[in-house]
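Good morning, colleagues. I should like to take you through one model today, beginning with the overall architecture and ending with the charged pairs.

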Amino acid sequence: MTGRFVARRATMLVVTALVASVAVYGALFIAPGDPATLLIGGGKPPSPRLLAEIHRQYHLDDPFLQGYWRWLSGMLHGDAGRSLTYQDSVTHLVTERIGNTAFLVAYAAVLIIVPGVALGTVAALRGGFGDTLITIVTTALMAVPTFVMSVVLIWWLSVRWDWLPAYGAGTGFTGRLEHLTLPALALATAWVAYVAQVTRSAVRAELASEHVETARARGVPERFVVRKHVLRNAAGPLFSVSGVAVAGLIAGCSIVEQAFGINGIGALLVQSAAKQDLAVVQALALITVVVFVVVNTAVDVVTAALDHRVSLEGAA
């Protein structure tokens, strides 16, 4: 049954990726404007012959199905085309920037999962004033947009106190750790609050469950009750929400990378969209969707394995 569940999820992943590829290519195919004008400078009207040559070279006049198949088959073979703006292969543009984005997402994920799970667990177990305080703070943080948090952190920790750099990604592990601390905090803040809220609800639900009451009635020490009966059974929902949070970071990278001047794929997507660089936008949009779907599929599979209460047939 587990194999059938994984096979169904994998099939849904492939179908979703194909539908997304059609949507991404189709949306940009019908978008107004002529990308060929990016290669022509000056204030004079472009030569029709020059425009026709650019269209031929970059296959801009191909019919939809022909152009879509050329693009998709190229993507599957690692050739995402050539950027009109940067005059470089899209694959090279992505590979030289993806390291910064991957480090940022991983750093933010740690800042989300560890404090979020810890705060939610403490709030559920302790109750009282601590629970109220954590709930108020996390609720307030969930309402703060990422770009607002970016501005606040830059002003407070970089401009006012000069504790951390506010621009660039740094070099080496320690350099990246220092430069990406503020971006990771800005990216993680709202998600920390969300994970903490879900963790609090999951742990509280387990604390009120029948098997926990039975363990306590049998005289099992509280620390074993919490560790073996509460946290273990809450692991499924916690992993699920943590996976959703990590997948959500991918979408937020564009805002943070622009705000902090990080040379990552999120900033590249924003800059390329502003310049109508279709090859770059198409590739990055598809990569983003595929990574998001892959992460969510992996989360579903692991959650079903961790939580025996999840029906594999129903989840599939």
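I shall first state the conventions, then describe the fold, the helices, the surface and the salt bridges.

This is a predicted model, in which local features need pLDDT of at least 70 and side-chain atom pairs count only at pLDDT 80 or more, while totals for chains, interfaces and linings use all residues. Residues are numbered from 1 along each chain as its sequence is written, and side-chain values use heavy atoms, with hydrogens and water left out.

Let me begin with the fold. The protein has 14 helices and 0 strands; here helices (H or I, at least four residues) and strands (E, at least two) are DSSP runs, numbered from the N terminus. The C-alpha trace spans about 85 × 55 × 30 Å along its principal axes. Of the 316 residues, 40% count as buried, where buried means under 20% relative accessible area, exposed means over 50%, and partly exposed lies in between (1.4 Å probe, protein chains only). Among contacts with a separation of 6 or more, 74% are between residues 24 or more positions apart, a contact being heavy atoms within 4.5 Å.

Next, individual helices. Helix α5, residues 98-126, has 29 residues and should span 42 Å at 1.5 Å a residue; its end C-alpha atoms are 42 Å apart, which agrees. The expected span is 1.5 Å times one less than the number of residues. Just after α5, Gly127 takes a positive phi of about 65°.

The UniProt record, an unreviewed entry, lists "transmembrane region" for residues 12-31, 102-125, 132-157, 177-196, 237-260 and 280-299; its positions are given in the numbering used here, feature names are shortened, and annotations may be inferred rather than shown by experiment. What does the model show for two of these spans? Residues 12-31 are 90% helix and 0% strand, with end C-alpha atoms 28 Å apart. Residues 177-196 are 95% helix and 0% strand, with end C-alpha atoms 24 Å apart.

I turn to the surface. The protein exposes about 16800 Å², of which carbon and sulfur atoms supply 67%; accessible areas come from the Shrake-Rupley method with a 1.4 Å probe, and for residues only the protein chains shown count as cover. A nonpolar patch of about 960 Å² accessible area includes Phe147, Trp155, Trp163 and Ile255. Patches are made of residues with over 30% relative accessible area and no salt bridge, joining like charges within 9 Å and nonpolar side chains (Val, Leu, Ile, Met, Phe, Trp, Tyr) within 5 Å. Which helix gives the most to the nonpolar patch? Helix α7, residues 146-160, does, with 6 residues. Trp155 lies in helix α7 and is partly exposed, at 48% relative accessibility.

Finally, the charged pairs. The whole structure holds 5 salt bridges, each a side-chain nitrogen of Lys or Arg within 4 Å of a carboxyl oxygen of Asp or Glu. One of them joins Arg70 and Asp62 at 3.3 Å, N to O; Arg70 is partly exposed at 39%, whereas Asp62 is buried at 15%. Another joins Arg204 and Asp131 at 2.4 Å, N to O. Arg204 lies in helix α9 (residues 181-207) and Asp131 in helix α6 (residues 128-142), so the pair ties together parts that are 73 residues apart in sequence. Asp131 is buried at 5% relative accessibility, while Arg204 is partly exposed at 36%. The side chains of Glu222 and Arg216 also meet in a salt bridge, at 2.8 Å, N to O. Shared partners join Asp131, Arg200 and Arg204 into one salt-bridge network.
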